[in-house]
Amino acid sequence: MTEARTGARAEAHHQHRDVTGGWLRPVVFGAMDGLVSNFALIAGVAGGTAETRIIALAGIAGLAAGAFSMAGGEYVSVASQRELAEAEIDVERRELERHPEAEEAELAQMYVQRGVDPETAREVARQISRDPEEALAVHTRAELGVDPGDLPSPLLAAGSSFLSFALGALVPLLPYLLGARSLWISAAASMVALFVAGAVVSRVTARSWWFSGLRQLVVGAVAAALTWGLGSLIGTGGL
């Protein structure tokens, strides 16, 4: 009974946060990028003109251009990454077919380097190597850091980037689309959204929610202030 209680106490009961950020990180950062860039763009145009139609047009153009640019760039980037991974996985597959003994020995050596005794490592490698697909998955995860069955989708990455950027870029634009005639309404909405987005990011960082939110608010405010000042100079100079 004492041994059972001791064993129960020895069990580990803890969880780690997702250090990769999962889906949350790219979505939030994509929205934040759209929010900051379009807020700064709208502020810059508003600094040069009081014509709300022109400001709204610039915001719409900024949203569309940024969203399509993000989606296109993400598609090409992820597609290239996937193609490279697939090419290297094919190399590993051919090696397993042509030199199975050497690949099994290589796998055993990997386990030895991680602290497994040689005899156990050889047995584990032998059992894994009986299934070619499992052996391929283990080799590619260990040597390439990728899973053959879980490669990223270029279309999903592009669609997610497009939607998240567009959502963020819509925040400073929406007040103008609803009839606002002052930059301060757009700025207030953007500031709130910046703080909220920064606070959400704290879920994948070690920072407190208020620090992350305040930091993102300051970054967005500085970017908007600088472009507003530039727009004011250009508008005043009549360039």
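Predicted model: local features only at pLDDT ≥ 70, side-chain atom pairs only at ≥ 80, totals over all residues.

Modeller: Residues are numbered from 1 along each chain as its sequence is written, and side-chain values use heavy atoms, with hydrogens and water left out.

The ring of Phe 211 also has an aromatic partner. The structure holds three aromatic pairs, and one of them joins Trp 210 to Phe 211 in an edge-to-face arrangement, with 6.2 Å from centre to centre and 80° between the planes. Rings of Phe, Tyr and Trp (its six-membered ring) are paired if their centres lie within 6.5 Å; planes under 30 degrees apart are called stacked, over 60 edge-to-face, and the rest tilted. Trp 210 is partly exposed because its relative accessible area is 49%. Phe 211 is also partly exposed, at 29% relative accessibility. Here buried means under 20% relative accessible area, exposed means over 50%, and partly exposed is in between (1.4 Å probe, protein chains only).

Trp 209 belongs to helix H9, which covers residues 209-237. Helices (H or I, at least four residues) and strands (E, at least two) are DSSP runs, numbered from the N terminus. With 54% relative accessibility, Trp 209 counts as exposed. Trp 209 and Trp 210 also belong to a nonpolar surface patch, together with Leu 214, Val 218, Val 222 and Leu 226; the accessible area of the patch is about 650 Å². Patches are built from residues with over 30% relative accessible area and no salt bridge, like charges being joined within 9 Å and nonpolar side chains (Val, Leu, Ile, Met, Phe, Trp, Tyr) within 5 Å. Accessible areas come from the Shrake-Rupley method with a 1.4 Å probe, and for residues only the protein chains shown count as cover.

Gln 216, also in helix H9, is buried because its relative accessible area is 15%. Leaving out neighbours within four places in sequence, Gln 216 is in contact (heavy atoms within 4.5 Å) with Met 32, Val 36, Leu 194 and Gly 198.

Trp 228 is another residue of helix H9, and is partly exposed at a relative accessible area of 43%. Residues up to four places away in sequence aside, Trp 228 touches Ala 43, Gly 44, Ala 46, Gly 47 and Leu 183. Trp 228 and Ile 42 are 186 residues apart in sequence, yet their C-alpha atoms are 8.2 Å apart in space.

Now the rest of the chain. The protein chain has nine helices and zero strands, so that its elements read α-α-α-α-α-α-α-α-α from the N terminus. Of its 239 residues, 33% are buried. Among contacts between residues at least 6 apart in sequence, 69% join residues at least 24 apart. The accessible surface of the chain is about 14800 Å², and carbon and sulfur atoms account for 62% of that.

Charged pairs occur elsewhere. Side chains of opposite charge can pair when their charged atoms come close. A search of the whole structure finds five salt bridges, each being a side-chain nitrogen of Lys or Arg within 4 Å of a carboxyl oxygen of Asp or Glu. One of them joins Asp 90 and Arg 93, at 2.9 Å from N to O. These two lie about one helical turn apart because they are three residues apart in helix H3 (residues 52-98). Asp 90 is partly exposed at 34% relative accessibility, and Arg 93 is partly exposed with a relative accessible area of 29%.

Glu 134, Arg 141 and Asp 147 are linked in a network of salt bridges. Arg 141 bridges to Glu 134, with 3.9 Å between the closest N and O atoms, and to Asp 147, where the corresponding distance is 3.4 Å. Arg 141 is partly exposed at 39% relative accessibility, Glu 134 is partly exposed at 37%, and Asp 147 is partly exposed at 29%.
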